[in-house]
Amino acid sequence: MQRYSEPNELVIDDTSLLPQFLARDTSLHPDERGKTQSKSRFAQTAKKALVRSGLVALARRMPTSEECATILRYHSVSAGQNYCSPTIAVSPELFERQMSFLARNYIVFPLGELLARFARRELPKGSVAITFDDGYLDNATNALPILARYGLTATFFVTSDAVLGKGSFWVGWLYRAVATASDATLSRACQAMAGTARPGASRDACFAALAALVDNARGGVRQSYLSELERLFPAMPPLAAPSDFMMTVNDLREMHQAGMTIGAHTATHRVLAGIDRQVVQEELSRSKTDLETALETAVDHLAYPNGHVLKNVDETAISVAGEIGYVSAGTSRRGILTKTSSYLDLPRQGVNEMLGFEGFVFKLEETRFSRLLRG
């Protein structure tokens, strides 16, 4: 982890996160790496077989004694772009296939209605809510027309500063910087930030590592990291400039008029765990207030950035979200909505291109399917 001496001092040593991430795709012996990839391929093949055999469809039709619902978590609907990782993107073709499947086999509610019905115990079986995080422009250009084609609605959790033109969305800025930098520039950046540049590390690994440094920084160190990254990638526009790959307030207004729900994703996409309560309040309240002012509508729903509870979300953040007035807050924790779920600590099922279609179908029913197997 990072070692800090003063709140505004940038101090990195050889125990920082970056070397650990850079080592991820090169530390395994080829035989071990092959075994890991084989396990992943086996899991994907097994899910495809279960879906194609009809067993997952059987689980979908089986009666259940417990009321439950699935909340899906998307980010980007794009292909061949250089601003977002393939681990968070879905191609328009796959997204359309998924939405067609949902429209034929499930009941998709706006998030607010799904939660209200659930509270009244009036939620029909097969209920789903669709959510998006961050606020990418392709949500408006690619996702919205597909949703409209199938009569579906979704909730879009947006990072308010980025969509309201107050600065870049730093995560996308960094991904584009790493994806487009020369090998020499990227090597210099890794050397400067971690004191090492691991040969053979993939660009995705470099991005994950550099992003983790910013995510895990506290106090003024976070801004120091961002300033250093800005210096190390001089071909990129300044971080103070709006990002051309994010939605604008006009896009948000059009989406709202089309029946979509706009939610908050903090002001600056800051990990909320372990930071001062005052900073958490600022991130959550400013995001809500700014969006409500711009859109002239209530913003009742929140998604925590990198929201793995206990790691990136803590009890302070959950408590502050309730105090500010959010009706719900979604995490990145896998699972389904059940009677034991807290509305300020909601599990969501993540979807990306790597999941594929059969993996998506399996994910919709994985909890119920597991129960079916247990008898």
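This is a guided tour of the structure, stop by stop.

The model is predicted: local features need pLDDT of at least 70, side-chain atom pairs count only at pLDDT 80 or more, and totals for chains, interfaces and linings use all residues. Residues are numbered from 1 along each chain as its sequence is written, and side-chain values use heavy atoms, with hydrogens and water left out.

**Stop 1: strand E1**

Select residues 70-74, strand E1. Helices (H or I, at least four residues) and strands (E, at least two) are DSSP runs, numbered from the N terminus. In E1, 5 of the 5 residues are buried, so the strand is largely enclosed by the rest of the structure. Buried means under 20% relative accessible area, exposed over 50%, and partly exposed in between, with a 1.4 Å probe and protein chains only.

In a regular strand the side chains alternate between the two faces of the sheet. Here both faces are covered: Thr-70, Leu-72 and Tyr-74 are buried on one side, Ile-71 and Arg-73 on the other.

Two strands pair if DSSP finds at least two bridges between them. E1 runs parallel to strand E5 (residues 127-134), joined by 5 bridges. It also runs parallel to strand E10 (residues 349-350), through 2 bridges. Centre on Arg-73: Thr-131 stands opposite in E5, and Gly-350 is the bridge partner in E10.

**Stop 2: helix H4**

Move to Gln-98, in helix H4 (residues 92-105). Its relative accessible area is 0%, so Gln-98 counts as buried. Show its contacts (heavy atoms within 4.5 Å). Leaving aside neighbours within four places in sequence, Gln-98 touches Tyr-74, Val-90, Val-351, Gly-356, Phe-357 and Phe-360.

Arg-97 lies over the face of Phe-357, 3.8 Å from the ring centre. The rule for such a charge is NZ of Lys or CZ of Arg within 6 Å of the ring centre and within 35 degrees of the ring normal. Another case to select is Lys-288, over the face of Tyr-326 at 5.2 Å from the ring centre.

**Stop 3: aromatic pairs**

Show the aromatic side chains. The structure holds 12 aromatic pairs. Rings of Phe, Tyr and Trp (its six-membered ring) pair if their centres lie within 6.5 Å; planes under 30 degrees apart count as stacked, over 60 as edge-to-face and the rest as tilted.

Select Tyr-83 and Phe-245, a stacked pair at 5.1 Å centre to centre with 5 degrees between the planes. The two are 162 residues apart: Tyr-83 is in the loop between strands E2 (76-77) and E3 (89-90), Phe-245 in the loop between helices H11 (221-232) and H12 (249-257). Both Tyr-83 and Phe-245 are buried.

Next, select Phe-101 and Phe-357, which are edge-to-face at 5.7 Å centre to centre and 90 degrees between the planes. Phe-101 lies in H4 and Phe-357 in helix H15 (residues 356-374), so the pair ties together parts 256 residues apart in sequence. Phe-101 and Phe-357 are buried.

Finish with the cluster of Tyr-74, Phe-95, Phe-132 and Phe-156, linked by ring pairs.

**Stop 4: Arg-222**

Select Arg-222 in helix H11. Its relative accessible area is 9%, so Arg-222 is buried. Leaving aside neighbours within four places in sequence, Arg-222 is in contact with Trp-170, Val-214, Ala-217, Thr-268, His-269 and Arg-270. The Arg-222 side chain reaches the backbone oxygen of Thr-268 at 3.4 Å.

Terms used: Polar contact = N/O pair within 3.5 Å; in protein donor to acceptor, adjacent residues only side chain to side chain.
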